[in-house]
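This report covers charged residues and how they pair. Have the chain open as you read.

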Amino acid sequence: MSSGYYQQKHDNYHNIFSDDIYLNFWYSGSMPEDVPDLDVSNELCVMRFTNRSNNDFLRIMAKRHKTIKFHDMGCGPTLLNMLSAAAFDQVTHIDGSEYLEQNRRYMMRSINSKGKEGFSCSKIIETLNSMYDNRDHLNDGDYFQKLSKKFNGVIKCDFSLDNIFCGEGIAWGTYDAITLTWAISDGSPNEIGYQNVLRTANRMLRLGGSLCVVDAIDETYWTPGDGREKLFTLKLSLEFFEKSFKEAGFWIEETRLFYSEPTKYHDCKRVVSACVTKIENM
């Protein structure tokens, strides 16, 4: 991805990205876990891999910490990770960061209305409930009630900058858990920028705090859900992905790999998730 193309995409992202199209693509594919993976589409398998990776990460964090301060970095308009985190009693503080102002407004509208405005989260909540033995009694209102009590805002982030939070205040070294889902290779201009995002996550976490990243390997483009425009991304190798965590002061606890099939929406051949823990300050 050339620097000129990246800058053009970066500056025009607000015109390219559609909240409703993206959320319809993401949420419409959700379904309970009792339908086998072999009976669903490749796109749905990728979504399931993503959901399982993040939810397993949060489940481990809930066993590891009595209280959890949680941040969803580059969260986009989806509330998936925040809603999932909110259902854990150990999670007492939730905030996030997102590049597009329109996405930040969309999230705030959904949270302030407790899910009554914005895209319906019913299907994704049904999927979340199916991943846990003791959540069948929780409905949309219950999730949003929990989230609204723990939510502390969403700030701007821009992965093209050295200071990715654009000068907005961050309580460095106070977080216990961070998720970073399908954002870093799309938002970073180059490998140096990618590593800077990971070093920033390190600075946010306490020693012993953890980060879960889901990203694409060997992908060069994706579309915002309707196939109308290709957005070229930073192409990653698995070797660079794993090396970057080690150089950013993390110990890799677990790496998962899912073999995907290229479609009209992306040319991703592998999806990777990593659960890593901060072992040194950067």
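Buried means under 20% relative accessible area, exposed means over 50%, and partly exposed lies in between (1.4 Å probe, protein chains only). At 24% relative accessibility, R256 counts as partly exposed.

The model is predicted, so local features need pLDDT of at least 70, side-chain atom pairs count only at pLDDT 80 or more, and totals for chains, interfaces and linings use all residues. Residues are numbered from 1 along each chain as its sequence is written, and side-chain values use heavy atoms, with hydrogens and water left out.

**Salt bridges**

Side chains of opposite charge can pair when their charged atoms come close. A salt bridge is a side-chain nitrogen of Lys or Arg within 4 Å of a carboxyl oxygen of Asp or Glu. The whole structure has 7 salt bridges.

| Pair | Distance, N to O |
|---|---|
| D56 and R59 | 3.3 Å |
| D56 and R256 | 2.8 Å |
| E253 and R64 | 2.9 Å |

Helices (H or I, at least four residues) and strands (E, at least two) are DSSP runs, numbered from the N terminus. D56 and R59 are separated by about one helical turn, because they lie 3 residues apart in helix α3 (residues 42-64). D56 is partly exposed at 22%. R59 is partly exposed too, at 28%.

D56 also meets R256 in a salt bridge. That pair links distant parts of the chain: D56 sits in helix α3 and R256 in strand β8 (residues 250-259), 200 residues apart. D56, R59, E254 and R256 form a network of salt bridges.

E253 and R64 meet in a salt bridge as well. This pair joins strand β8, which holds E253, to helix α3, which holds R64, across 189 residues. E253 has a relative accessible area of 31%, and R64 has 37%.

**A buried lysine**

K69 lies in strand β1 (residues 68-73). K69 is buried yet has no salt bridge. Which side chain of opposite charge is nearest to K69? It is D95, 5.4 Å away. Here Lys and Arg count as positive and Asp and Glu as negative; His and the chain ends are not counted. Contact means heavy atoms within 4.5 Å. Beyond its neighbours within four places in sequence, K69 is in contact with H93, A171, T174, Y175, D176 and A177.

**Positive phi**

K114 has phi near 55°, a positive value in a residue other than glycine. K114 lies in the loop between α5 (101-112) and α6 (122-130).
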